[in-house]
Amino acid sequence: MSGGSRFDRTAERYAAHAAGRDWTSFVAWCECRPADRVLDVAGGPGALAAAVLGSVASVTVLDAAPALLAYAPEGIERVEGRAEQLPFPAAAFDLVTCVNSLHHIARPARALDEMARVLAPGGRIVLEDFAPDPDPRRARRWEEIERLRDPEHGRLISPGDPRGPLQAAGLHLDSEETWLRTSRVDRWLAVAGTTEPAAGRVRQMIGAPEFEVRVWRARYRRPPD
């Protein structure tokens with residue numbers, strides 16, 4: 001994921017967390033094909049890349065944190081770089097993914113422009129991230145909690161935010177969904193390496209051992225030539 005310093009510092013625990021996820025549902029959304037050239041933007045330790053490796057032609061993981069990239073498995077191309085300035089030519093990939101990372105990227109709209117630029121005709125972009133609460137007051141409070149947990153947190157992205165940049169680049173929204181995910185506070189804090197007293201303040205503000213967060217997922221397509 002982007003936001004190098006925090007993820008360099010917590011690379012081992014984040015890699016273990018990502019490796020423990022069941023990627024089956026997300027991979028199904030990718031609709032992988034044997035000839036696909038895949039790019040996972042801000043893909044960290046390559047857990048998603050490992051899940052699609054073998055079912056596609058090639059997989060590249062880009063991330064700003066070299067310590068995370070070191071965990072990517074053999075057979076995956078590792079590229080250090082920023083999502084806002086992808087070091088690849090236009091139309092270089094058939095599938096571009098970005099999971100739980102847009103909220104760490106300083107200029108998400110610019111990153112989406114870059115993802116569209118490197119996507120080949122007929123290709124797909126599949127995104128997943130956390131969404132802000134529809135209630136503005138609760139959304140502001142949660143952003144405060146997020147920054148206490150991780151001072152490098154940017155802002156949560158609304159499901160509709162990518163629509164403008166990607167549609168302007170010629171893609172269309174193919175499918176979209178949102179759901180609630182339950183997480184344990186202590187595990188969430190541990191993955192981020194949150195130090196006291198910030199962790200204590202987060203626990204106090206949440207006021208429960210678990211919390212729910214909204215998650216959204218969307219697939220965009222570029223028409224074939």
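1. Let's start inside the protein: Thr-97 is buried, with a relative accessible area of 2%. Here, buried means under 20% relative accessible area, exposed means over 50%, and partly exposed is in between, using a 1.4 Å probe and protein chains only. Thr-97 sits in strand E4. Helices (H or I, at least four residues) and strands (E, at least two) are DSSP runs, numbered from the N terminus.

2. A word on the source before we go on. This is a predicted model, in which local features need pLDDT of at least 70 and side-chain atom pairs count only at pLDDT 80 or more, while totals for chains, interfaces and linings use all residues. Residues are numbered from 1 along each chain as its sequence is written, and side-chain values use heavy atoms, with hydrogens and water left out.

3. Which residues is Thr-97 in contact with, leaving aside its neighbours within four places in sequence? They are Phe-26, Cys-30, Leu-39, Asp-40, Val-41, Leu-48 and Val-126, where contact means heavy atoms within 4.5 Å. Take Phe-26 as an example: Thr-97 and Phe-26 are 71 residues apart along the chain, yet their C-alpha atoms are separated by 9.8 Å.

4. On a 1 Å grid over the protein atoms alone, a cavity is a set of points where a 1.4 Å probe fits but cannot get out; a pocket is an open set with protein on both sides within 12 Å along at least five of seven lines; and lining residues have an atom within 4 Å of a point. Strand E1 (37–41), helix H4 (47–52) and strand E4 (93–99) are the elements that give two or more residues to this lining. The largest share, three residues, comes from H4.

5. How many cavities of 30 Å³ or more does the structure hold? There is one, and the volume of the largest cavity is about 40 Å³. Grid points are joined across faces, edges and corners, and a volume is the space filled by probe spheres set on the points. The lining of the largest cavity has seven nonpolar, one polar and one charged residues. For these classes, Ala, Val, Leu, Ile, Met, Phe, Trp, Tyr, Cys and Pro count as nonpolar, Asp, Glu, Lys and Arg as charged, and the others, Gly among them, as polar.

6. Now for the open spaces. The largest pocket has a volume of about 810 Å³. Of the 40 residues that line the largest pocket, His-17, Arg-21, Asn-100, Phe-130 and Arg-181 lie nearest its centre. Strand E6 (residues 172–184) gives the largest share of this lining, six residues. By class, the lining of the largest pocket has 19 nonpolar, ten polar and eleven charged residues.

7. The second largest pocket has a volume of about 380 Å³. It is lined by 17 residues, and Asp-133, Arg-138, Trp-142, Glu-212 and Arg-214 are the ones nearest its centre. H7 gives the most to this lining, with six residues. The lining of the second largest pocket divides into eleven nonpolar, no polar and six charged residues.

8. Do look at H7 again, this time with a partner. Two packed helices are described by the angle between their axes and the distance between the axes. Helix H7 (residues 136–149) and helix H9 (residues 185–192) pack at an angle of about 50°, with their axes 9 Å apart. Axes are lines fitted to C-alpha atoms, for helices over the stretch in contact, and angles run from 0 to 180 degrees between N-to-C directions. H7 and H9 are therefore oblique to each other; angles under 35 degrees count as roughly parallel, over 145 as roughly antiparallel, 65 to 115 as roughly perpendicular and the rest as oblique. Trp-142, Ile-145, Glu-146 and Arg-149 in H7 meet Trp-188, Leu-189, Val-191 and Ala-192 in H9.

9. Finally, some backbone details to check on screen. Ala-42 is not a glycine, but has a positive phi of about 55°. Ala-42 lies in the loop between E1 and H4 and counts as buried, at 4% relative accessibility. Ala-91, also not a glycine, has a positive phi of about 60°, and is partly exposed, with a relative accessible area of 33%. A cis peptide bond joins Glu-196 and Pro-197, with omega about 5°.
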